[in-house]
Every structure is written in structure tokens, then in C-alpha cells.
Amino acid sequence: MALLLFLLLAISIVSADEDAFIGVNIGTDLSDMPHPTQVVGLLKAQQIRHVRLYNADRGMLLALANTGIKVAISVPNDQLLGIGQSNSTAANWVSQNVVAHYPATNITTICIGSEVLTTLPNAARILVSALKFIHSALVASNLDRQIKVSTPLSSSLILDSFPPSQAFFNRSWNPVLVPMLSFLQSTGSSFMLNIYPYYDYMQSNGVIPLDYALFRPLPPNKEAVDANTLLHYSNVFDAMVDAAYFAMAYLNFTNIPVMVTESGWPSKGDSGEPDATSDNANTYNSNLIQHVLNKTGTPKHPGISVSTYIYELYNEDLKPGPLSEKNWGLFDSNGDPIYILHLIGSGSVLANDTTNQTYCAAKDGADEKMLQAALDWACGPGKVDCSLLLQGQPCYEPDTVAAHATYAFDTYYHQMGKGPGTCDFNGVATITTSNPSHGSCVFSGSVGKNGTFFNGTAPALNSTSADSHGQYLHSSASTSGIILIGLLSWYAVFL
């Protein structure tokens, strides 16, 4: 009976103040960081209306003024101690970084630190004080209703998170989490969580299927079932969000909405990271965006989507650590897409003007017999003129099935107006932004690059103000092993 009452309590409805949104994190660990006005130009071109900064850079805040873009700014971890120990320091920070820019710059959120409990545990004792001091400064400026205050946490704080109904927070942090949750509840703020299914998948030793991590559709018999609630979970993301709701309910907090402040998938990795690919990154982020914007919700809260910031806008080549750390971005420093998101029904968010320079190419490692069959189809029933592939013609070299298939695939793709499904060829083709043209063999989509960025007088980004996330890499990678204790047994259903 007690378990039933707890579950009824835990399934209470959580609602957010506005429709759920997709935002993007903007890190600055680039050797060629674009000027703030260039960054804003890219945001406008991509119809990105929500961004999260890892600091409160003056140049970015000025460039974002009068754009309507909603901005989450941050107190970096290295400033946390001062703010958490002094009300006046917090007031000065708000004066310089919020009051000086609002309302021209549409600041909606202040993030206090980044994964403080797991990356800077010595500062845990003053985390709640920092939240309260910043909030008090907003109250004094009559901005507390317009601007919310919270702190992004690592999902590794949630123990025994699979199945979600058994989840609870690491009890050693309860002296911090209970007053923090009380603060969030009293101020109408969200519980901020960083969720990285990529690391859960990598550290599960094959127990978690890749499709489950990537939001790919699963047949009902492959979905994970929570035995306590009988809820079916078809992806890691939803399971972690619901685990957060259950963990809060365990501490008697049932009406605080979850906001995901970081989630994504790397497009490139070291030899030990074979699933860090552009195709998987595309799949994950495309499915994530549609999952949020379609208001799918989670099994625990169907129809109530979770606002999510994708990690991240740019690839950051200066990040330390494995190759994957440098390759979470949607764009390179020139504003060119790393891959073209497969978005349907998401409006123009992250889909506007990215298909002008796209090509259709043979997938790396594709089966040669399947490639040959697809090539034969394209040059036959597909009505592609493959005469340029004949010996002595401009596209004969290199004389490989993959190279010839790429020419035929791309020609067909452009003949069909780059329509949905015209670059598949039974799974051996993929859309790319890399121009396959070589020598005198010029491909159909080879046109001059268009699109320019705005010129302006905003100060350049402070290159010494690295985001706090960058100081610690993805702490989820080093700490999420804790949550695997419950995960491995629960996911045995997949084996």
C-alpha cells in the first residue's frame, strides 16, 4: 500500500510555464572563435531562439540585444565561491551582467555553475547560498519574475536509476539537494539536468542497444518495462528524465519541472569510440529535436515535453581529452553544418538554409555488392546520365565502385530536388556537406557558398573565459559508471 501511495504521488502532473523548446549551448573553446555578431548571424539563420552561455560574456550579450533570442547566462564555476559567500558580490554580478543588458537582451535564466556537486564538490556547501543570493539580487531589481535561477547537475547524482521508479539521489548530497529543491519549488524554477545517453551506452558494455540510445523506434517487445509502474521506455533519454522525477518525488518534491541543459552525441571519436559518428550524431539530435517539439513527453508525463539545450553549437577544437570531446558541435567555426539534420515537422528550427550545399555520397564501409546494385539502378531505372563515368571521361577516376556510386547517387539526389528519401539507396548512401567534386569532375550541387554574417561593433568574445564545462570535460563520462549498477540488471531484457 505504501509503494502504491508513493507511485501515485510520483506520477503527479508537472507543468512548465511555456511550451517546451529546443535550445543550443555555445562553448568557446575554439582556436578560431567567430565574432559575437557572426554567432548571432548563425543563430538567426538557423532560427535558434534559445541559447545557453557558459558565462555572461559582454560581447555576446550585446550582440544578442534586440534579437528576441532567449538567453540563459551562467555564473562560471570559478566565480561560484565568491558569489556564494557574499550577498554583495552576487548583487554586483547581477548588476553588471543582467541589469546592464536587460531587457534589450532577453535574459530568461541564470545557471549557477555547471555540475558543481560532481566537478567542484568543495563548493557544494555554498551552492544553495549562491542560488539564493543571485535570486535576492533579482528581487531587488524587480526581475525575479522574469528571470529564473537554477544549477545544472550531472545525471550521475541519480542512483539506481533503472528502472526509473527505483531512482533516488546519492544520499550524501541530500543536505544540499533538499534545500536546493525547496528553493526551486518556491521560485517556480526548473531542475536542470545534463543527460548524455552516449556515455550510458558506451559504459554499458553492450547491454544498452545503440537503437535505444539513439531514439530509434523499437518494437514493443524490445522496450524496457518498469515493473513497478508498467511504463514502457523506448529510449535512454526518457528513462533518465523520469528517473529525475522519481528521485525528486522520493524527497517529497513532485511539482518541479525538469529542464535538460545538455544533451547530444559526438560526430567523431578515437578508435575506441566507433559509435561517435556523424550519422549517429545526426540520428540522435534529429530524433531528440522532434521528440521535444512534437510534445511527446515521457512515459511518466506523456504530452509534457522537456525543454532541452543541445550540446553544442560549434565543434571545440581546443577541448582536452579524447577526440570525441572536440566534436559535439552542429557547426564548424565557419558556420558550416557538420551534418544535415533529418528534421520533419519541427518548423524551421535548425533546418533553415542548411541544405543549399549538400551532396549525396556512398557511405563509408558500405557493402560493395549493395553499392554496385544501387549504382546499376541509378544509371538504369533511376535515369541518371552516367556517361561521365566511362573510361576517359572526367569522373572515371578514381575507378572504384564507391566513387562511381557517389557520382550517380548525387546526380539522382539533385535531379529529384533533394527530396526526402532521395539519398538512401537501401541504406548505402548518406547526405554530406563535403563537396565530392575533384579535378574536372564537378558534382551537381557545386555552387558558390552563399550566406554572410552581420558586421557589428560588439566586443569579441573573451577568449580567456572558457566555459566551466570545458574545464572538466563531460563529467558524466567519468562519473556515470555509478548509475550502471542498476542499469545492467534492468537492461538484461535486451539480451
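1. A quick term to start: two axes count as roughly parallel at angles under 35 degrees, roughly antiparallel over 145, roughly perpendicular from 65 to 115, and oblique for the rest. This is a predicted model, where local features need pLDDT of at least 70 and side-chain atom pairs count only at pLDDT 80 or more, while totals for chains, interfaces and linings use all residues. Residues are numbered from 1 along each chain as its sequence is written, and side-chain values use heavy atoms, without hydrogens or water.

2. Have a look at helix α5 (residues 87–99) and helix α7 (residues 127–140), which pack at an angle of about 55° with axes 8 Å apart. That is why α5 and α7 are oblique to each other. Touching here means heavy atoms within 4.5 Å. The contact uses residues of α5 including Trp93 and Val98, and residues of α7 including Phe133 and Leu138.

3. Now for the rings. Rings of Phe, Tyr and Trp (its six-membered ring) pair if their centres lie within 6.5 Å, with planes under 30 degrees apart called stacked, over 60 edge-to-face and the rest tilted. By that rule there are 19 aromatic pairs. Phe21 and Tyr309 are edge-to-face, at 5.4 Å centre to centre and 75° between the planes. Phe21 sits in the loop between α1 and β1 and Tyr309 in strand β13, so this pair ties together parts 288 residues apart in sequence.

4. Are Phe21 and Tyr309 buried or exposed? Buried means under 20% relative accessible area, exposed over 50%, and partly exposed in between (1.4 Å probe, protein chains only). Phe21 is buried at 8%, and Tyr309 is buried at 2%.

Notes
Axes fitted to C-alpha atoms, helices over the stretch in contact; angles between N-to-C directions. Helix = DSSP H or I, 4+ residues; strand = E, 2+ residues; numbered from the N terminus.
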